[in-house]
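Okay, thanks everyone for coming.

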Amino acid sequence: MTSIIPELTIKHQSTTNSTKMTRSLFQKSLVLLHSNRLNSRIMNAAHDTYENDYAYFSFKEDILFITYKPNITLNLKVAQLVVADRIRFQNEKSYLILCDIRGIVSSEKAGRDYLAHSGSLLIKAVSLLVHENVLLSMTTFYLQVSRPPVPTQIFTDEGRALAYLKSFL
């Protein structure tokens, strides 16, 4: 894979000499800056699991599992971070998603709208896993109003949620 980051020449104000920074060093610096800026982000070397402040991400049988952590309020900031991390974790490839939203205790319209539209990027289909009748009713209403652009169904049983997604394989 070739990089689009060109080799850089950086001039220091205190000296007249210029310092060349290679692509790989520059990319490593960007990764370090990015990882220092973001809290609680863990990605293992095999890239099959990932965690941020709001959710866990893992691959099983060509399906991406996203599980929201307990007591999460889904607002615009949370939605944007989860989507950005999901896309990066997916390595910009489309996947089927099983999203366990049982950890979400409340949500704001801006976060829901972001997930329904911008959050559908690089998703083939979604199973939403819920556990309470109230959350089931709210999620059903949300899907009717928001109409996500990818096939989306709600389930209280993980086995049925997986069967739905596997119908797209």
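Predicted model: local features only at pLDDT ≥ 70, side-chain atom pairs only at ≥ 80, totals over all residues.

The protein chain has five helices and eleven strands. Of its 169 residues, 36% are buried. And if you take the contacts with a separation of 6 or more, 67% of them are between residues 24 or more positions apart.

At the start of α2, have a look at N75: one of its side-chain oxygens comes to within 3.2 Å of the backbone nitrogen of K77. Then, which residues of α2 are buried? They are V78, A79, V82, V83, D85, R86, I87 and F89. As a reminder, an α-helix has 3.6 residues a turn, so residues three or four places apart point the same way.

Now the neighbour. Helix α3 is residues 109-116, and α2 packs against α3 at an angle of about 25°, with the axes 7 Å apart. Roughly parallel or roughly antiparallel? Angles under 35 degrees count as roughly parallel, and therefore α2 and α3 are roughly parallel to each other. On the α2 side the contact uses L76, A79, Q80 and V83, and on the α3 side A110, G111, Y114 and L115. By class, that contact has six nonpolar residues, two polar ones and no charged ones.

Let's come off the end of the helix. Q90 sits in the loop between α2 and β8, and β8 is 95-100. Q90 is buried, because its relative accessible area is 1%, and under 20% is the cut-off for that. What does the side chain of Q90 reach? The backbone oxygen of K93, at 2.6 Å. Leaving out neighbours within four places in sequence, Q90 is in contact with F59, L64, Y95, I97 and L122. Also just after α2, N91 takes a positive phi of about 55°.

L122 lies in the loop between α3 and β10, and at 22% relative accessibility it counts as partly exposed. The other one is E61, with phi near 50°, again in a residue other than glycine. E61 is in the loop between β5 (55-60) and β6 (63-68), and at 56% relative accessibility E61 counts as exposed.

Okay, strands. I72 is in β7, residues 72-74, and with 7% relative accessibility I72 counts as buried. I72 and Y54 are 18 residues apart along the chain, and their C-alpha atoms are separated by 6.8 Å. Not counting residues up to four places away in sequence, I72 touches D53, Y54, V78, G103, I104, V105 and S106.

Next, S127, in strand β10, residues 123-129. Buried or exposed? Buried, because its relative accessibility is 0%. Beyond four places in sequence, S127 is in contact with I97, L98, C99, Q153, F155, A161, Y164 and L165.

Q153 is on that list, so let me end there. Q153 is found in β11, residues 152-155, and is partly exposed, with a relative accessible area of 38%. Its contacts, again beyond four places in sequence, are V126, S127, L128 and Y164. Y164 is therefore a contact that S127 and Q153 both have. As for L98, it is 55 residues from Q153 along the chain, and their C-alpha atoms are separated by 9.9 Å.

That's what I had, and I'm happy to go back to any of it on the screen.

Notes. Residues numbered from 1 in each chain as written. Heavy atoms only, no water. Buried < 20%, exposed > 50% of the residue type's maximum accessible area, 1.4 Å probe, protein only. Helix = DSSP H or I, 4+ residues; strand = E, 2+ residues; numbered from the N terminus. Polar contact = N/O pair within 3.5 Å; in protein donor to acceptor, adjacent residues only side chain to side chain. Contact = heavy atoms within 4.5 Å. Axes fitted to C-alpha atoms, helices over the stretch in contact; angles between N-to-C directions. Parallel < 35°, antiparallel > 145°, perpendicular 65-115°, else oblique. Nonpolar A, V, L, I, M, F, W, Y, C, P; charged D, E, K, R; others polar.
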